[in-house]
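Hello,

Here is the structure I promised to pass on to you. Please have a look at it first, and then read my notes below.

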Amino acid sequence: MNLTLKVWRQSGPQDKGRMVTYRVEDISPDMSFLEMLDVLNERLILEGDDPIAFDHDCREGICGMCGMVINGVAHGEQRATTTCQLHMRHFEDGAEITIEPWRAAPFPVVKDLVVDRSSFDRIIQAGGFVSVPAGSAPDAHSVPVRKEDADSAFDAATCIGCGACVAACPNGSASLFTAAKITHLSLLPQGQPERLNRAKAMVDQMDSEGFGGCTNTGECTAVCPKGIPLDTIAQMNADYLKANSK
Amino acid sequence: MKYTEGAPIQDTKAPAGPIEERWEKRKFSARLVNPANKRKLDVIVVGTGLAGGSAAATLGELGYNVTSFCYQDSPRRAHSIAAQGGINAAKNYRGDGDSIYRLFYDTVKGGDFRARESNVYRLAQVSVNIIDQAVAQGVPFAREYGGLLDTRSFGGAQVSRTFYARGQTGQQLLLGAYQALERQIAAGTVTMHTRHEMLDVIVSEGRARGVIVRDMVTGEIERHLADAVVLATGGYGNVFFLSTNAKGCNTTAIWRAHERGAYFANPCYTQIHPTCIPVSGDYQSKLTLMSESLRNDGRVWVPLRKNDERAPGDIPEDERDYYLERIYPAFGNLVPRDIASRAAKNVCDEGRGVGPGGLGVYLDFRDAIDRLGRDAVEKKYGNLFEMYERITGENPYDVPMRIYPAVHYTMGGLWVDYDLQSTIPGLFVIGEANFSDHGANRLGASALMQGLADGYFVLPTTIGDYLADGPFGEVDEEAVAEAEIKVRSKIDRLLAVNGTRTPDSFHRELGKLMWDYCGMERTEESLRKALERIPELRQEFWENVKVSGTAEELNQVLERAGRVADFFDLAELMCLDALVRTESCGGHFRAESQDADGEALRDDEKFAHVSAWERTPDGPVLHKEPLEYEYVKMTQRSYK
């Protein structure tokens with residue numbers, strides 16, 4: 001396959017940035033999207049150019065490190081797929097592909113397609129945990145958990161923290177990310193003691209990081225590689241309201 | 001490559017006496033640090049996977065002043081997150097005859113009698129606490145309708161002791177540790193530095209007193225000092241370039257600690273996982289594992305005839321060779337990883353492999369779908385089938401999967417004693433980065449167990465005994481400056497070459513060489529060839545590598561080049577270790593040492609020891625730690 005790539009290049013946070021066009025040739029349809037970029041980067045290095053910086057690590061769709069807006073869609077058009085799991089067979093030979101970083105004020109660009117998502121870590125710091133020091137736990141079977149609750153908690157807990165939800169949201173909201181963690185822990189008995197404080201602290205932190213509000217457009221869940229359901233946001237709002245009316 | 005043999009090495013920390021009392025005894029004899037003193041003690045933890053994340057969180061909870069580093073943009077990304085199958089624990093919730101002793105026994109046997117009994121017993125003991133801890137943190141393990149935890153049997157175990165969270169157990173356990181870590185960051189006991197790569201250990205007056213790191217965004221070289229340093233930087237499987245490891249996994253942290261005096265134990269013990277998606281082309285950047293649980297229902301086969309080009313569906317039953325079931329009737333498709341991997345290699349070497357290049361075997365669900373129905377198969381393996389289809393474009397409900405072995409885990413690592421302390425006082429090593437518990441072969445679902453055992457329960461106790469003598473006062477400025485200069489000059493050297501080949505092209509070539517000569521099957525000839533070729537390639541690397549950009553910016557080419565440079569040196573030691581160990585054991589198969597059936601043949605007379613390598617200016621020095629088996633009788637493994 002031969003492709004034309006239009007890639008966002010930005011040398012650092014202070015640089016204004018611009019789209020740069022590259023041609024890539026002899027791309028195998030069995031390559032992953034990132035392998036296609038590897039091929040381009042190997043060429044750029046040898047030509048003495050600066051290769052395109054992008055985040056990636058596990059390349060099997062679970063670490064959450066990779067992520068780019070491909071043809072205007074976070075992680076590309078294939079549903080429930082991270083950028084690293086997207087393969088070139090889904091593109092037409094001769095296609096033009098635009099590649100941009102996540103764009104949201106709380107995710108400043110570090111370089112090219114690399115953004116700073118440390119705001120997500122700070123949302124977890126605010127309360128996305130159960131306070132249980134190592135060694136203090138009772139026997140695992142002392143508290144049975146309904147299978148349905150455990151399964152729903154798991155569904156919410158599969159969030160990989162990639163940030164696609166923010167990139168896709170017209171408001172730049174981190175509601176789906178925050179709600180996924182709140183819902184995961186709210187559904188389990190172990191999460192109950194801190195439940196309302198957790199919701200309040202995490203939502204307040206999310207707001208203070210500069211993420212926008214949720215207006216139920218649902219773009220977040222549409223691009224989410226793990227299909228985190230939108231109703232987690234309802235759960236978050238319910239817990240948050242309860243916390244504030246106490 | 002020349003080496004000399006030095007004095008034997010001993011673990012002096014494991015107490016004597018009945019094995020079930022040793023950890024209890026050590027916990028009691030380990031000195032405690034007064035709570036008021038803990039906050040005056042600084043501990044550095046490098047790496048935030050299961051071992052590092054849980055250790056940093058727990059040390060923070062205990063009140064130490066912790067600084068943590070990871071190369072990713074968040075501690076949640078560490079590669080523990082990709083573990084699929086599950087975590088073993090001797091809970092015996094099924095009443096199926098499991099016990100701490102049985103998990104201990106299985107692990108010693110599975111490791112082919114090349115692990116320490118004391119360590120393995122402790123691991124089995126602590127395993128039960130891990131499940132309690134994880135559940136209390138809200139890890140959403142699979143449950144049954146009665147509300148209790150579900151378990152499955154895994155990787156050849158005959159009891160059901162593996163706890164799991166669908167195919168994402170590693171993710172859920174890591175997020176548990178990550179959340180505990182973030183809680184301590186918020187509490188101020190842990191300071192986190194993401195996008196920082198450790199490039200050296202500072203050793204001052206014989207003690208590990210800090211690290212030199214590079215800020216991967218600004219390029220700044222920083223010094224961080226402490227009273228103890230913990231390395232939790234994972235394994236070195238990426239020396240093969242293609243592996244199931246994350247792209248960033250590397251050996252630099254443990255290798256540079258080795259250069260500073262930490263012994264490297266059993267570097268040749270690598271685990272090749274039998275069920276990975278085969279290589280599809282030269283551009284391949286990594287390999288993807290398909291969970292071993294697939295072998296519970298999938299049947300492995302190849303055509304009976306060589307070079308059979310027919311589509312799998314056109315090959316009649318009597319022209320298929322279900323070779324695992326044929327050779328190992330008792331365990332069939334569930335034989336341990338090393339055995340399944342080598343059997344796949346053998347049939348492919350015979351010219352009966354399938355797919356591109358003949359490097360693949362079928363993993364067929366046709367019979368399972370007939371027996372259980374498509375829905376039941378989908379329920380069990382749906383996410384794995386989807387993953388397979390996403391990568392290969394083939395639908396495994398209709399066409400058998402193609403699988404091939406790939407490098408997955410490294411049992412070798414820095415030598416540690418029972419306290420998980422390396423040969424450098426104050427330098428502790430946990431998780432996959434150390435060598436301690438898996439012997440020559442790791443059992444499925446035991447990596448998560450070991451990482452969390454080390455991080456939550458073992459290290460936080462044993463490090464106290466060392467820190468009870470601290471704080472250790474001023475760090476020698478000369479030692480810090482020397483380490484900084486060493487790091488900077490290596491970076492400058494890489495940038496100065498300005499040759500015509502990229503770091504990745506060298507890495508690929510090194511990886512291919514290691515796979516061919518020091519992979520699933522090793523011979524004296526292949527290893528000697530590798531030991532000849534590696535120095536040549538390394539020399540070419542230092543004369544012809546091209547690293548673009550500068551040191552003072554985010555420079556991913558420079559990061560990779562530094563790691564590849566260390567992989568060369570490690571590769572050489574791996575091949576030497578493999579050459580010296582003329583026996584076969586676990587994941588280390590020397591073709592010269594096999595029985596009449598082609599099975600691995602140990603030589604307990606000569607090799608019942610850990611090989612701990614010291615790096616000296618005069619070349620490697622081998623220190624042997626004899627292994628004694630008081631409880632589990634040494635036998636030849638048999639899965640027939």
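Strands here are DSSP runs of E with at least two residues, helices are runs of H or I with at least four, and both are numbered from the N terminus. Two strands count as paired if DSSP finds at least two bridges between them. In this pairing, B:Thr151 stands opposite B:Phe163 of strand 6 of chain B. The two strands belong to an open, antiparallel sheet of three strands in chain B, in the order 4-6-5. Its edges are strand 4 (87–88) and strand 5 (151–152) of chain B, each of which pairs on one side only.

Before going on, a word on what you are looking at. This is a predicted model, in which local features need pLDDT of at least 70 and side-chain atom pairs count only at pLDDT 80 or more, while totals for chains, interfaces and linings use all residues. Residues are numbered from 1 along each chain as its sequence is written, and chains are lettered from A and ligands numbered from 1 in the order in which they are written.

Chain B also has an open sheet of five strands, again with antiparallel pairing, in the order 13-17-16-14-15. Strand 13 and strand 15 (320–321) of chain B are its edge strands. Strand 13 (residues 270–276) of chain B has seven of its seven residues buried, so it is largely enclosed by the rest of the structure. Buried means that 20 or more other C-beta atoms lie within 10 Å of a residue's own; 12 or fewer means exposed, and in between is partly exposed, with C-beta atoms placed from the backbone. Strand 13 of chain B pairs with strand 17 (residues 401–410) of chain B over five antiparallel bridges, and B:Ile272 stands opposite B:Val407 of strand 17 of chain B.

Now for the core. The largest nonpolar core has 277 residues, and B:Val230, B:Leu231 and B:Leu414 have the most contacts inside it. Such a core is a set of buried Ala, Val, Leu, Ile, Met, Phe, Trp, Tyr and Cys residues joined through C-beta atoms within 7 Å. Helix 16 (residues 556–580) of chain B gives the most to this core, with 15 residues. Leaving aside residues up to four places away in sequence, the residues that B:Val230 touches include B:Val43, B:Phe428 and B:Leu459.

How many residues of chain B are in contact with chain A? There are 64, and they meet 64 residues of chain A; contact means that two C-beta atoms, placed from the backbone, lie within 7 Å. Helix 6 of chain B gives the most to the chain B side, with nine residues.

Finally, chain A has eight helices and seven strands. Of its 246 residues, 52% count as buried. The C-alpha atoms of chain A fill a box of roughly 60 × 35 × 35 Å, taken along the principal axes.

Enjoy exploring it!

Best wishes
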